[in-house]
Amino acid sequence: MVEIVGVGFMKTGKTYYFDPAGEQLELGDMVIVETARGLELGHILIANKMIDDDELVAPLKPVERKATDDDLKRYKENLAKRDGAMEVCAEKIAKHGLEMKLIDVEFMIDGSKIVFYFSADGRVDFRELAKDLAGHFHNRIELRQIGVRDEAKLLGGIGICGRPLCCSKWLHDFQPVSIKMAKQQNLSLNPTKISGTCGRLMCCLNFEDKTYKELRKGMPKDNERVETPDGLAKVINVDYFNGKINTRGIEIDPETGEEIFSQEIKSYSKNEIKRRKQKSKKGDHNQDEDITDEIKGVDEFADDADIRELEELMRDF
């Protein structure tokens with residue numbers, strides 16, 4: 001067992017573990033801790049607590065000290081200097097003709113360096129810009145390129161749901177999001193409708209993915225032929241949340257052999273139907289065999305050609 005405290009920072013909702021170094025810290029206390037960027041001001045989100053050693057992913061760094069009045073004063077002064085530093089940096093970027101978008105600037109609490117965050121489509125040679133900024137501010141300069149999702153996390157905003165962006169409020173780490181998730185959730189494969197403020201696929205697609213995977217197990221696809229208590233039928237659509245499969249009955253014209261679809265739509269549960277095994281590409285399987293295996297992956301619901309086409313659209317969006 002090891003004693004830890006959880007520390008959060010102003011621009012991230014993630015909680016990091018630190019060694020309290022024998023000091024009793026209370027929820028909300030402001031502290032100075034050392035991170036990969038230098039000394040930073042944080043606040044206690046988890047008071048002194050014992051956890052198992054296997055919960056740690058890296059050696060603990062100690063809390064340097066409780067934040068003093070001077071630390072808090074310096075932090076406020078740094079915030080006051082932010083807008084001026086942004087203007088200077090924007091002018092320098094224009095002067096050097098660099099294709100980059102300035103996002104934010106952060107002054108380290110100990111005055112060791114100034115970090116400028118920017119986004120760009122590709123690699124940017126900012127060596128001359130860094131020298132120019134160092135000469136102006138007389139301080140160590142770090143230019144850090146971030147992605148569009150990190151940009152949205154830093155700036156914040158309102159999503160299409162009308163609520164603050166998840167990434168700027170509570171989402172700690174970005175998880176992979178794929179077109180297959182949108183396909184599985186029967187969403188319109190329109191980039192403008194399934195993309196977030198950042199221009200990438202909405203993170204909430206990932207939140208609901210496991211639920212949809214579970215609901216779709218053993219369910220037929222749209223337009224699939226199934227055996228029902230009333231005979232052969234075609235699946236019109238599936239209501240996954242209510243577990244209902246909406247179908248139209250099929251009759252075979254004795255003269256032409258063509259399928260005739262009933263105008264009446266009937267609903268069945270998953271247990272009331274039998275799925276018919278689809279023919280393979282080589283046609284070596286009997287189409288009338290009952291399906292015995294459950295659907296095991298999202299791939300069965302995704303058309304590879306559609307996915308590749310949409311991924312190309314997303315690159316240009």
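Is Asp132 buried or exposed? Here are a few friendly notes to read alongside the model.

1. This is a predicted model, in which local features need pLDDT of at least 70 and side-chain atom pairs count only at pLDDT 80 or more, while totals for chains, interfaces and linings use all residues. Residues are numbered from 1 along each chain as its sequence is written, and side-chain values use heavy atoms, leaving out hydrogens and water.

2. Asp132 is buried, because its relative accessible area is 18% and buried means under 20% (exposed is over 50%, partly exposed in between; 1.4 Å probe, protein chains only). You will find Asp132 in helix H2, residues 127–137; helices (H or I, at least four residues) and strands (E, at least two) are DSSP runs, numbered from the N terminus. Leaving aside residues up to four places away in sequence, Asp132 touches Lys92, Lys95 and His96, where contact means heavy atoms within 4.5 Å.

3. Now look for the largest nonpolar core, which has 20 residues. Such a core is a set of buried Ala, Val, Leu, Ile, Met, Phe, Trp, Tyr and Cys residues joined through side-chain atoms within 4.5 Å. Phe116, Leu133, Phe137 and Leu143 have the most contacts inside it. Helix H1 gives the largest share, five residues.

4. Next comes an open sheet of five strands, ordered E12-E11-E10-E9-E13 with antiparallel pairing; two strands pair if DSSP finds at least two bridges between them. Strands E12 (259–268) and E13 (274–275) stand at the edges, each with a single partner strand, so one side of each has no neighbour in the sheet.
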